[in-house]
Amino acid sequence: MSPSLNDTILIWTLRGFAVIAGAIALLIVVFLILEALPVLRQVGLWRFFTDASWNPAEELYNLTPMLWGTLLAMAGSVLIATPLGVLSAVFCQYYAPPRISSLYRRLIELLAGIPSVVYGFWGLVVLVPLIGRLHPPGTSLLAGIAILTIMILPTIALTADASFAKVPPDYLRGAAALGLSRWATVRGVVFPAAKSGLFTGLILETGRAIGETMAILMVCGNVVQTPKSLFDPMRTLTANIALEMAYATGNHRSALFVSGLVLMGIIVALVAAAEVLKPSA
Amino acid sequence: MSESSFSTASNRQFSTWLVWAIALFVTTIFLWILSDIIWHGARQLNWEFLTTAPRSAGRKGGIAPIIVSTALILGVCMAVSVPVGVGTAVLLAEFTDTENQFGRLVRRSLDVLAGVPSIVFGLFGNAFFCKTLGLGFSILSGGLTLACMVLPILIRSTEEGFRAVPSHYRLSAAALGISRTTTLWQLLLPAAVPGLVVGLVLGVGRAIAETAALIFTSGYVDRMPESLLDSGRALSIHIFDLSMNVSGGDANAYASALVLLVLLLLINGTAAWMAEHWLHRRITPS
């Protein structure tokens with residue numbers, strides 16, 4: 001049976017849409033490279049890591065302090081959010097009575113939906129002054145880690161919850177028949193069975209922590225320096241783009257696209273590492 | 001023996017205590033954020049705030065033009081992303097084998113797109129829509145940038161909607177000799193509407209929450225937009241600007257944050273309600 005003319009038109013229209021949808025990721029990379037090329041040609045990639053400082057007005061382009069800012073904020077928040085999120089999911093699945101459990105799940109979903117600018121605003125007016133009382137100025141790496149933790153916690157909690165829900169009930173019955181306590185079941189049976197889902201959650205939250213811009217810009221103080229302590233203000237790669245893009249021209253603008261490329265590079269490396277390291281289910 | 005059973009028992013108690021404490025901690029923080037925004041925002045919020053223009057850089061006055069701009073940006077975003085997204089989802093779900101190279105390529109590309117940080121979308125939108133296509137800082141640029149951003153979410157849930165349609169629909173239609181176009185329009189699309197609507201709602205939620213992708217695509221101008229080529233300030237950018245760049249803007253920032261939160265809660269509530277009550281129901285012969 002040969003397809004009708006209508007069907008052929010339909011399929012080619014759909015293919016057209018799919019080409020557009022599929023091409024966007026490629027377009028993004030192409031445009032980042034195009035816009036980054038002028039400065040890369042002039043000063044080379046190497047100087048983005050070896051220059052004395054970040055001062056585009058004087059042709060100095062060191063991104064490393066901001067790279068450290070991004071990595072430290074990411075590491076801190078992932079380290080705290082992962083146990084909190086996973087145990088939140090454990091609470092939902094194995095400890096809470098059904099009514100509380102569904103309420104708590106709804107709450108985490110709401111938490112996931114709050115926009116980053118609202119988190120940032122709350123951090124700025126509530127959290128930063130609190131930290132400032134402890135150790136001025138308050139806008140700091142610590143504030144950034146705290147806000148990021150709250151923001152990525154729902155991501156890991158919801159993925160962990162979904163992967164716990166997929167653990168075969170037979171496993172749990174087997175554990176119960178062996179007389180294992182609830183905690184021993186969770187640690188010895190549920191975690192190993194759900195590890196691939198937990199791993200996906202870890203990758204998702206890490207990506208979110210690296211890419212977050214507004215909230216971290218609002219609470220971190222944005223001084224270009226490698227933070228020496230938790231109370232030092234600092235600036236992340238994402239915040240740097242958001243802060244300077246408005247007035248950047250020429251090489252400066254181009255350098256911001258280089259930091260965009262670096263961000264994309266980190267995300268791609270993360271996804272690649274995930275594919276290599278992913279534990280088999 | 002007795003010692004080890006004792007340690008297991010205290011271990012058990014400790015773990016139960018720990019898990020409950022964490023849940024309580026997370027709940028407290030959430031309620032803290034929410035009550036802070038509601039408490040401070042509700043005092044500023046009234047009809048006048050929603051219907052007048054901002055004065056003195058937003059310290060006084062309301063957010064009427066900002067609501068209009070936000071709605072226009074969302075409108076552009078959805079007008080572009082829905083046809084492209086639904087079209088792609090239909091192709092992936094109905095007309096492509098899982099082994100198909102093209103389909104795989106598109107899926108992989110969408111996975112990458114879903115992981116792109118929003119600020120990078122902003123860079124791209126600025127370079128492509130504002131500069132290369134010459135749209136400048138405008139509602140159109142902002143909406144198109146957001147459209148790129150919400151595509152992966154939209155496609156994923158629409159595709160799931162189509163996959164939830166039982167395969168005997170397609171087989172029966174084919175057996176009756178109905179063309180695939182007619183099958184799609186008359187049978188599959190109506191049956192897949194729940195997935196589509198949930199995707200739409202999630203997409204709107206993501207788009208309305210976005211700030212970073214809009215700062216240098218749709219811009220900062222807080223006047224009432226006259227066309228899609230005017231720059232317009234989204235609600236999230238208004239909050240950002242008031243809290244960071246305008247001293248004394250906190251009160252109105254709180255009120256704007258409350259407006260944004262209420263909109264989002266409504267949107268997410270709708271999505272959750274639909275997912276629960278509607279998505280699992282399939283059209284059945286009555």
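How many residues of chain A are in contact with residues of chain B? Select both chains: 64 residues of chain A are in contact with 66 residues of chain B, where contact means that the C-beta atoms of two residues, placed from the backbone, lie within 7 Å.

This is a predicted model, in which local features need pLDDT of at least 70, side-chain atom pairs count only at pLDDT 80 or more, and totals for chains, interfaces and linings use all residues. Residues are numbered from 1 along each chain as its sequence is written, while chains are lettered from A and ligands numbered from 1 in the order in which they are written.

**Chain A**

Chain A has 12 helices and two strands; helices (H or I, at least four residues) and strands (E, at least two) are DSSP runs, numbered from the N terminus. From the N terminus, the order is α-α-β-β-α-α-α-α-α-α-α-α-α-α. Along the principal axes, the C-alpha atoms fill a box of roughly 75 × 70 × 30 Å. Of the 281 residues of chain A, 47% are buried. A residue is buried if 20 or more other C-beta atoms lie within 10 Å of its own, exposed if 12 or fewer, and partly exposed in between, with C-beta atoms placed from the backbone.

**Chain B**

Switch to chain B, which has 10 helices and two strands. Its pattern along the sequence is α-α-β-β-α-α-α-α-α-α-α-α. The C-alpha trace of chain B spans about 80 × 70 × 40 Å along its principal axes, and 48% of its 286 residues are buried.

Now colour chain B by domain. The assignment, which is automatic or from a database, gives domain 1 (2-44) and domain 2 (50-277). Their centres, taken over C-alpha atoms, are 35 Å apart. Six residues from domain 1 of chain B and seven residues from domain 2 of chain B take part in the contact. The domain 1 side has three nonpolar, three polar and no charged residues.

**Helix 4 of chain B**

Select residues 101-115 of chain B, which form helix 4. Which of its residues are buried? They are V106(B), R107(B), L110(B), V112(B), L113(B) and G115(B). These buried residues pack against helices of both chains: helix 1 (5-43), helix 9 (195-211) and helix 12 (250-277) of chain A, together with helix 3 (64-94) and helix 6 (139-163) of chain B.

**The largest nonpolar core**

Finally, show the largest nonpolar core, which has 169 residues. A nonpolar core is a set of buried Ala, Val, Leu, Ile, Met, Phe, Trp, Tyr and Cys residues joined through C-beta atoms within 7 Å. Residues with the most contacts inside this core are V118(A), I147(A), V219(A), L151(B), I239(B) and A257(B). Helix 6 (residues 141-165) of chain A gives the most to the core, with 16 residues. At least three residues come from each of domain 1 (2-44) and domain 2 (50-277) of chain B.

End on I239(B). Leaving out residues up to four places away in sequence, I239(B) touches V117(A), V118(A) and F121(A) as well as A253(B), S256(B), A257(B) and L260(B).

How values were computed. The expected span of a helix is 1.5 Å times one less than its number of residues. Ala, Val, Leu, Ile, Met, Phe, Trp, Tyr, Cys and Pro count as nonpolar, Asp, Glu, Lys and Arg as charged, and the others, Gly among them, as polar.
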